[in-house]
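Colleague: I would like to learn how to read charged pairs in a model. Could you show me where to begin?

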Amino acid sequence: MIAVADPPTKVPDKVHALPDHISPTAAKDYLGCSLRFFFGRVLAIPQATSPALHLGKCVHAALQHYHLAVWRGGDASPEAVTQAYEDIFMTMERDEGPVSWKDEKARNKAHADGLRVVAAYLDSPGVLKESPKAVEVFLREEIDGLSVPLTGAIDLVRQDLVPVDFKTSASKPDPATAAFDHELQLVCYQLMIEKATGKTPPALDLLFLVKTKTPQVIPVSIAPADEHRKQRAVKMLETAVQGIAEERFHPQPGMHCSWCSFRNECGKWKGDAA
Ligand code: SF4
């Protein structure tokens, strides 16, 4: 998705104060490692932008330009989309950097990879052709069973209310694994769409833009959640909300430590990070 940043999670100003809201991204972040969440979202320790994150943001910005143009009758030509990509690549690097490029060659490769996956999307059967319901729509909804509002920005909502989330990826995803990995995010989108419109979307979609030598566009579509899946998602969100409110922040080591930029801070943790 274009990385529309979550609004910073508000730090509870007193013990057991609930956060202002919860997003699926913040909840997944908290549930993945609560101490990493604390360093990144509560203390807001600055981090260099990873090349993959920078590229993902730029690809999403280019797609956003295209989708808005289709929606509002703007310039949806490949040239205009390419220009949008070029502009965002430079401005994000300047305004949200530094990006941790290994060297100039790596930067140039990432730049070219992004252009190729954007072009692949524009040429793909799944490219948006008809006017959508919404582009980059930010929702904030009260959900039964959740102590705070649920928030989220959906990349694209098609006319039939199907939410679509775009992912850039280095390798071809396994559909079942991808669906499982992104279940919380997609079910949250369903919950918010249902609350906002009173209707259930007929599907929940992911579209992977794969940066292989020949770029690939891989759709993954899952059925809308039944009551059990919705309740599971709400319970996960509420677990994060209560953990944040009660300031339960501790190391949760795992494979994700390999790409965690807070390993130094984590190593100094003595149980009193909160
Ligand atoms: S190094 Fe691992 S355990 Fe420590 S904060 Fe990062 S993700 Fe969590």
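Modeller: Gladly! Let us begin with accessibility: a residue is buried under 20% relative accessible area, exposed over 50%, and partly exposed in between (1.4 Å probe, protein chains only). E227 has 58% relative accessibility, so E227 counts as exposed. This is a predicted model, where local features need pLDDT of at least 70, side-chain atom pairs count only at pLDDT 80 or more, and totals for chains, interfaces and linings use all residues. Residues are numbered from 1 along each chain as its sequence is written, and side-chain values use heavy atoms, with hydrogens and water left out.

Colleague: Which residue forms a salt bridge with E227?

Modeller: In general, side chains of opposite charge can pair when their charged atoms come close. The rule for a salt bridge is a side-chain nitrogen of Lys or Arg within 4 Å of a carboxyl oxygen of Asp or Glu. Here the partner of E227 is K230, with the closest N and O atoms 3.2 Å apart. K230 is buried, at a relative accessible area of 13%. Both residues lie in helix α8, 3 residues apart, about one turn of the helix.

Colleague: How are helices defined?

Modeller: Helices (H or I, at least four residues) and strands (E, at least two) are DSSP runs, numbered from the N terminus.

Colleague: What does R229 meet in a salt bridge?

Modeller: The side chain of R229 meets that of E183, at 2.9 Å from N to O. R229 belongs to helix α8 (residues 227–245) and E183 to helix α7 (residues 183–197), so this pair ties together parts 46 residues apart in sequence.

Colleague: How many salt bridges does the rule give?

Modeller: The count comes to 13.
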